[in-house]
Amino acid sequence: MMKPSIIARALRKIDRELQLSVIKETGASLRNLALSESDLAKRQDEMLRRIVKHAYETVPYYRELFDSASLKPSDISGTKDLYKIPVTSKHDLQNADCISSSFDRSQLLETTTGGSTGIPLHIFMEKKTAARRVAEGRRILYLHGYKAFYKKLILAFHTYTPDFINKLGFYRQEAVPWDADLKEQTDRIASYKPDVIEGYPSRLGLLADHILLNEISLPKPKFIVTNSEMLYPEVRDKIERAFGCEVVNVYDSEEFGQVAWECTRHNLHVNADTRIIEILDNGNPAGQGTPGEVVCTDLINYAMPLIRYKIGDIASWSAKKCECGIAYPVLSGITGRASEYLVMPSGKRISSTVVYIPPSIPGIVQYQIVQTAPACLDVKIVRAKDFTEETARKIKEHLTGSTGIRDVRLHYVSSIRKTKRAKFRRFIPLSNHGPGKER
Ligand SMILES: [Zn+2]
């Protein structure tokens, strides 16, 4: 799931002029938060018509897709007609001609998705689009009280080189290398005194355990932003306790950048001014509270339009109307990867979330469940000091109880291997295990 790395890489490539355009775009992006529901709908309809026409005229993949469905751009007057366009998956685009002929490929920025579900997909965009994504990232920070002179410390995977704007004291950020040990990380927080920390939930979770266990006192950031991976409630809880501040979660993807983000009330609003999000249950719009596949349309990437693209995550719409004043629709949460189901001994596939070990079972720093066969689960566990035989028994009981699988093997390890991009996966499905694989 999710991804800020595109922003990191884009920032490095964006020239000075574009840095200034990021600032301008941030202003525009912040103003858009005041759009009413009807203004948003009107904006989405207009932007959708424009990108559909552009995609049909300049992208061979979409021309073929529309022709095969006997569709013309004029058939799409707005979001109400979206259903007419066939859904596209990553697999559909891997060997397709999906770059717009209006652009010179050598002038485009490129990023790559991970490859847990097969070959990675290369995503191309104009610098302008990348600048907008950076601006949208800043919008989330501003929404939570960020100031341009704040310092941000990044605990993710990518590194950053300060540019001229950072050297002037604006948007300062530094990254702690992903392989730094826990002490190095806390030392860095103590010396850098970040106003904001941003990072992967798994990395911040391990750091939180270390801070809590050793009762380390650190300068308190104003807030913490998590992204790129699923944020589990118990991980959020321990990060908030260890750092003494709130966590703001962002749901992002390499293909789209920010897809949804938490407002000050911690509701997960979709990025509705530049993306259209649909939740599909067996191809039809899912009702409130019904989990379905996340399908996204990017309204700003003209270099490589993504229209009704299945991200591969499962989420549901919230029935809640957020009181923060932002009219963007609210997701009730991301519940998992569509591809990460568990196969029960009966052959039935169920969401892997059912196997997650409940936080009420103590003594676990981190764990990963690997389904190695239809009737076998391997559980890698990094034990905390309070791990006992009773903990082991409870884990087995929970897993057998929720899946019917009796062959549950516990392996005690000192750390759990991450994906190539240092992301943590809690569950590795049957079809897809191997440490190098990632999404
Ligand atoms: Zn809100």
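**Pockets and a zinc site**

Visitor: Which strand gives the largest share of the lining of the second largest pocket?

Guide: Strand 10, with 6 residues. Strands (E, at least two residues) and helices (H or I, at least four) are DSSP runs, numbered from the N terminus. This is a predicted model: local features need pLDDT of at least 70, side-chain atom pairs count only at pLDDT 80 or more, and totals for chains, interfaces and linings use all residues. Residues are numbered from 1 along each chain as its sequence is written, and side-chain values use heavy atoms, with hydrogens and water left out.

Visitor: What makes a set of grid points a pocket, and not a cavity?

Guide: The grid has 1 Å spacing and covers the protein atoms alone. In a cavity, a 1.4 Å probe fits but cannot get out. A pocket is an open set, with protein on both sides within 12 Å along at least five of seven lines. Lining residues have an atom within 4 Å of a point.

Visitor: How much space lies in the second largest pocket?

Guide: About 760 Å³. It is lined by 34 residues, with Q44, V270, I277, W317 and P329 closest to the centre. Helix 3 (37-58), strand 9 (268-270), strand 10 (275-281) and strand 11 (284-285) each supply at least two lining residues.

Visitor: What volume has the largest pocket?

Guide: About 1,200 Å³. A volume is the space filled by probe spheres set on the points, which are joined across faces, edges and corners. The lining of the largest pocket holds 49 residues, and G205, L206, D209, V365 and Q366 lie nearest its centre. Helix 9 gives the largest share, 9 residues.

Visitor: How do the residues of that lining divide into nonpolar, polar and charged?

Guide: The largest pocket has 25 nonpolar, 9 polar and 15 charged residues. Nonpolar means Ala, Val, Leu, Ile, Met, Phe, Trp, Tyr, Cys or Pro; charged means Asp, Glu, Lys or Arg; the others, Gly among them, are polar.

Visitor: Which atoms are the protein donors of the zinc ion?

Guide: C263 (SG), H269 (NE2), C322 (SG) and C324 (SG), lying 2.1 to 2.3 Å from the ion. A donor is an N, O or S atom within 2.8 Å of the metal (3.2 Å for Na, K and Ca); water is not among the atoms, so sites may look incomplete. These distances therefore meet the zinc cut-off.

Visitor: Why is the arrangement around the zinc ion called tetrahedral?

Guide: Four donors count as tetrahedral if all angles lie between 85 and 135 degrees. The 4 donor atoms here subtend angles of 106 to 115°, so the arrangement is tetrahedral. The ideal angle for four tetrahedral donors is 109.5 degrees.

Visitor: What spacing do the zinc donors follow along the chain?

Guide: C-x5-H-x52-C-x1-C. H269 lies in strand 9 and C322 in the loop between strand 13 (309-317) and strand 14 (330-337), so the pair ties together parts 53 residues apart in sequence.

Visitor: How do you know whether H269 is buried or exposed?

Guide: Buried means under 20% relative accessible area, exposed over 50%, partly exposed in between (1.4 Å probe, protein chains only). H269 has 0%, so it counts as buried. C322 has 13%, so C322 counts as buried too.

Visitor: Why is H266 placed in its accessibility class?

Guide: H266 has 24% relative accessibility, so it counts as partly exposed. H266 sits in the loop between strand 8 (257-262) and strand 9. Its phi is positive, about 65°, although it is not a glycine.

Visitor: What makes N282 buried or exposed?

Guide: Its relative accessibility is 76%, so N282 counts as exposed. N282 is in the loop between strand 10 and strand 11.

Technical notes:
Four donors count as tetrahedral if all angles lie between 85 and 135 degrees; four count as square planar and six as octahedral if opposite donors are over 155 degrees apart and all others between 65 and 115; anything else is irregular.
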